[in-house]
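Work through these exercises with the structure open beside you. Try each task before you read its solution.

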Amino acid sequence: MRILPVPICIAILIVAASFLGSATQDPAVKPASLFDVPMKRVEHLKLQQVLVATIAQKNFAGAMQVVQKMTQLEPNEPAGWYNLACLQAVKGDVQPGLESLTNAVRLGFRDVRQLETDVDLKSLRSDAAFEEILKSAKEPFKALETPAVFKPGVIENGVAFVTEQNTRWDASRLSLLTSFEAPAVTKSAAHIVGTSAPEVAVNAWINEGTSAGHYGDLYDNRDRDHSNLNLAKFPLLTHVEYSPEASKAGADWGMRIGQAFEMPTFGNSSTAEVNSPFWRSNPRMLMHEDLLMKLAYNQFVNNQMYCYPEHNDYDSQHGDVYPANTPFWVISQGSSGSDQPFLEAIALTMAAFQPEVKRALIEKRMLMPVVQMLLRRSQRSVQSDDDYFSGKAHPVVFQGSELNPLRMVRMAHDLTLATIPALVRLKVIEEDLGVPGKDYFHPGSAERFFDTPVAIARIYRSTAFQRRMVVDAGDSFELNGQPLTFRWAVLQGNASRVHIRPLTDNASRAEVIVEWQERFPVSGAPGMQTNRIDVGVFAINRTAISLPAFVSTFTLANEKRTYNADRLIQSVDYGDSEVSRRYVDPFIDIPKSWRDDYRYGPDKILLGWTRTAPDQDPQAFSADGRLIFRKDEQQKAVEFRDIQYEAVAAGNQLVMLRAFEKSEAQSPMPLSPKQP
């Protein structure tokens, strides 16, 4: 079956769910609010990936549920209706299939060749109504509705007001984009109000014309003034306010992915998910989905960045529970209000840039990467290049005591067009990945966590002693066309167990081998434990060292592993009384209760493993992950059962992983998934 794509090229990793719904509704339904579009679009893209997975599994009933949900969620999108028509046609439901196909064409589907050749539509083509559908598809598409008149908003009295009239959907950025007319230039001696050394310095530079000030900068508070920047210190900084319809849709609250501005924007939200089994800080809300991290990257390289408290994600009770290190945001140590010193430092830094430097950074979409570099390079404990190449400069959570705002603004002011650092861009060229059901037992192919050009993350699920990746930084951007060299550094983890081998003369490509590491202490943070290994990739031009891009590998704290002298897995105890109680994000790992003991032949070739689970007889598995169902008189395995792993409800726990014998999915006919 061909899966009709949503018209945007973004790879998505998705935690699958079950959906129920009906397709008997009017497809031309106007959304309740423009501000509801981002989350619906994201959910539609998730469903797209669930559909691919269910078709690959030949799960016809599951696929039907997914496409029905797609048509409910976004009834004006042709993708869901086309896929529904294909499923109905395959099932032999000709009349419903024709109705769904009519909806798809009426809503904009215009691929006539696909209509004529798609094998899944075979049962519909003999009906006379199909010729009318084909005829309609050959006509130019006319939108069902006249879009609302878009007009940039006017900034008045330092306030930028977000409304449906100055906001539009930008499919290329998968985001709402709010626009404002450029504010009037205001002459005032009070650009920055305050008596601290950095405040006095920045105000003086603005008055003498060597710093840009806050002309065209936006401040966006996203906790409804719970932890607001002291705007009295920054009288010429424009702050964002939201219309009632925007607030009703949550556009002004928490971590809003899919809400962006055409002006440089910084902000904060002292909010978190609390009193829930899924408790987490704002940044950790996004980290389990590749799509959401791509959207976070998109904001970052479009001159937008926010500050969020870590709340309980980085403390002595649970340790460091962040599965990845990224530069997309500033995470502050503490809870509400801990973001305030960082907000002020960022505000001062954005005002301190020389005018021509700031213009270039905004135009090249490098403003926030450079602000991040300055924040890290100016910390009190970072006194040398060697310090900057170490974990001292690049923690996942920043300490307010490390801030040095005066040094930060001086570095910003000293920056010239010739000394702007490069922007590292990474991509994975090749890597070792475990086989689900053999090398690990999480459902699906789940070692790839997310991939963005400045942050890559992997979950170490495989029982192999090491994971290998080849990562390339050859697409890095250098504003002035200077040649680049690259430095790869272990920022967190046992450096003796991370092996980095440059593969090019300038080290733009490298092989990174990470050996399995148990939970270990965080350097410089007494009592803090972590399971994350971070590698930083720095670009160096003639005058500057860049913000690093990150390659993070996250091992699972709730597994007790033993390797033998040959570095072969000997046992994994998932139910160890002590280790299994350690916190692991429920979006990342599903608890298991069994222990696997591995068997090898004399040539060190894996023969299989024996699984011991509470209240069950031991089970023997073959090396390829099949359950050994029967042995002959010589104890040779002669009959096997395929096993699938699913999450199920388990008493006082949210879910527990269970192993089941795999059954054949019921389908009217074999389905063949086709990636677009």
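**Exercise 1. Decide whether the overall dimensions of the chain agree with a compact globule.**

Solution. Start from the length, 676 residues. A compact globule of that length would have a radius of gyration near 26 Å. The protein chain has 27 Å, so the two agree. Next, take the box along the principal axes: the C-alpha atoms fill roughly 90 × 70 × 50 Å. Then turn to burial. Buried residues make up 53% of the 676. Finally, look at the contacts between residues at least 6 apart in sequence: 67% of them join residues at least 24 apart. The secondary structure comes to 16 helices and 33 strands.

**Exercise 2. Find where pLDDT stays under 50.**

Solution. This is a predicted model, so check confidence before detail. The mean pLDDT of the protein chain is 89, and 91% of its residues reach 70 or more. One is residues 1-30, for which the model has 96 contacts beyond four places in sequence. The other is residues 664-676, with 30 such contacts. Where pLDDT is low, the predicted coordinates should not be read in detail.

**Exercise 3. Which residues touch the most other members of the largest nonpolar core?**

Solution. The core has 126 residues. Phe 266, Trp 329 and Phe 353 touch the most other members. Helix α12, residues 340-352, gives the most to this core, with 9 residues. A separate core of 33 residues lies apart from it; Ala 63, Tyr 82, Leu 87 and Leu 101 are among its members.

Now follow Phe 266. Beyond four places in sequence, its contacts include Leu 218, Tyr 219, Leu 237, Met 305, Leu 343, Ile 346 and Met 350.

**Exercise 4. Classify the ring pair of Tyr 219 and Phe 266.**

Solution. The structure holds 22 aromatic pairs. In this one, the ring centres are 5.5 Å apart and the planes meet at 50°. Planes under 30 degrees apart count as stacked and over 60 as edge-to-face. Now place the partners. Tyr 219 lies in strand β4 (residues 218-221) and Phe 266 in strand β7 (residues 265-268), so the pair ties together parts 47 residues apart in sequence. Both residues are buried.

For other ring arrangements, see the aromatic cluster formed by Phe 441, Tyr 574, Trp 594, Tyr 598, Trp 609, Phe 621 and Tyr 645. Charges also sit over rings. The charged end of Arg 487 is over Phe 389, 4.0 Å from the ring centre. That of Arg 641 is over Phe 629, 3.8 Å from the ring centre.

**Exercise 5. Is Gln 304 buried or exposed?**

Solution. Locate Gln 304 in strand β10, residues 304-309. Its relative accessibility is 1%. Buried means under 20%, so Gln 304 counts as buried. Then list its neighbours. Beyond four places in sequence, Gln 304 touches Arg 173, Gln 259, Ala 260, Phe 261, Thr 265, Gln 299 and Met 368.

**Exercise 6. Which residues of helix α8 are buried, and what covers them?**

Solution. Helix α8 spans residues 197-207. Its buried residues are Pro 198, Glu 199, Ala 201, Val 202, Asn 203, Trp 205 and Ile 206. The cover includes α12 and α16 (405-414). Just after α8, Gly 209 takes a positive phi of about 85°.

How values were computed. Residues are numbered from 1 along each chain as its sequence is written. This is a predicted model: local features need pLDDT of at least 70, side-chain atom pairs count only at pLDDT 80 or more; totals for chains, interfaces and linings use all residues. Side-chain values use heavy atoms; hydrogens and water are left out. pLDDT is the predictor's confidence in each residue, from 0 to 100. Contact means heavy atoms within 4.5 Å. A nonpolar core is a set of buried Ala, Val, Leu, Ile, Met, Phe, Trp, Tyr and Cys residues joined through side-chain atoms within 4.5 Å. Buried means under 20% relative accessible area, exposed over 50%, partly exposed in between (1.4 Å probe, protein chains only). Helices (H or I, at least four residues) and strands (E, at least two) are DSSP runs, numbered from the N terminus. Rings of Phe, Tyr and Trp (its six-membered ring) pair if their centres lie within 6.5 Å; planes under 30 degrees apart count as stacked, over 60 as edge-to-face and the rest as tilted. A charge sits over a ring if NZ of Lys or CZ of Arg is within 6 Å of the ring centre and within 35 degrees of the ring normal. The radius of gyration is taken over C-alpha atoms; the globule rule is 2.2 Å times the number of residues to the power 0.38.
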